[in-house]
Amino acid sequence: MSNFSFAEWSNLLDQWGASSSSSNADHKPEKAIPTTTSVEKLIKEIENPLTREHALFALSRNRGIRANLAPLLWNSTGTIYLLLEEITTAYRVMSSPDLVARATNNVCNALVLLQVASHPDTRMNLIKANVPYYLYPFLEAKNQEKQYEYLRLTSLGIIGDVVKVDNAEIVHFLLQSEIDPLCLCCMEVGNELSKTVATFIIQKILVQDEGLRYFCSFAERFFTLTRVMGTMVDKLVGEPSLRLLKHIIRCYVRLSDCPRACDGFKISLPSKFRDATILNIIRDDPEALEWLGQLFVNIATGNRGSPPLIEETLSILPS
């Protein structure tokens, strides 16, 4: 199973920081901070409301220090609390048109620092402290303006970092916290990158047996998920995205491991999977073609149907 690359997501965050520089005129792009002492000084500055904004900006934009930043942040007294405090300031304006660029930038910088989720020494601490709950208001927002999209994307990126390592305990927590309707919302209203990260999260949940049972045990959950993914497949005809399509196919393949899901695919499998436009997106990707072929085989075996073989389906592609 392929892992999602968050490089583009990180680049977009940096672009967002640059685009809001007009509201942060005193902020200049920071050069790499070479010493642990300098980093600890910036972390200390988060405690002071007068220096917090600069400290958040400097720490979040220095990629060179991110690898060792997580333990320092988590183990420094009160820092995670202050980051969460900064994040919750956005709640008050989520339902108003006043979510201005500067406020969004500050919150996004705090969210970036919460990527302690990606560090093996702090990942489970984040889960045990229920920190993901603080991100959920950004995931359920249906506003599609730029400020909301960056809050959505940054929050998804943190959850995506959490699930990159297959871990049944993490998936159990996410299911218990009802992350699935929030991801489905992002898959419906987000831009391409948000849709991709949200689909990746669903894919990683399905990898665990508990996740597969969760979506296949109740018809409503199964058909809600397949309806959203089917709509995305339909839209890919006009807006092709190989990366997004591959994650969608992986979700379908994993669902097809369940015989009940194979029965459900009799009425819910997107017809576009046999459409030349969709197949053209993956025609040069052997891995994706293999996955799609496996999906057809699983359905044929699981529900005694006779869907066309992948070779027959691919024969409609123009040469």
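Let's start with lysine 246, which forms a salt bridge with aspartate 285; their closest N and O atoms are 3.1 Å apart. Keep in mind, everyone, that this is a predicted model. Where do the two partners sit? Lysine 246 is in helix H15, while aspartate 285 is in the loop between helix H17 (276–282) and helix H18 (286–303). That makes them 39 residues apart, so this pair links distant parts of the chain.

Now, are these two buried or exposed? Lysine 246 has a relative accessible area of 15%, so it is buried, because the cut-off is under 20%. Aspartate 285 is buried as well, at 11% relative accessibility.

Stay with helix H15 for a moment, which spans residues 242–255 and also holds arginine 254. The side chain of arginine 254 meets that of aspartate 209 in a salt bridge, 3.0 Å from N to O.

Next, please find arginine 52 on your screens. Its side chain forms a salt bridge with glutamate 85, at 3.7 Å from N to O. Arginine 52 lies in helix H3 (residues 52–61) and glutamate 85 in helix H5 (residues 79–88), so the pair ties together parts that are 33 residues apart in sequence. Arginine 52 is buried at 12%, whereas glutamate 85 is partly exposed at 32%.

Methods. Residues numbered from 1 in each chain as written. Predicted model: local features only at pLDDT ≥ 70, side-chain atom pairs only at ≥ 80, totals over all residues. Heavy atoms only, no water. Salt bridge = Lys/Arg side-chain N within 4 Å of Asp/Glu carboxyl O. Helix = DSSP H or I, 4+ residues; strand = E, 2+ residues; numbered from the N terminus. Buried < 20%, exposed > 50% of the residue type's maximum accessible area, 1.4 Å probe, protein only.
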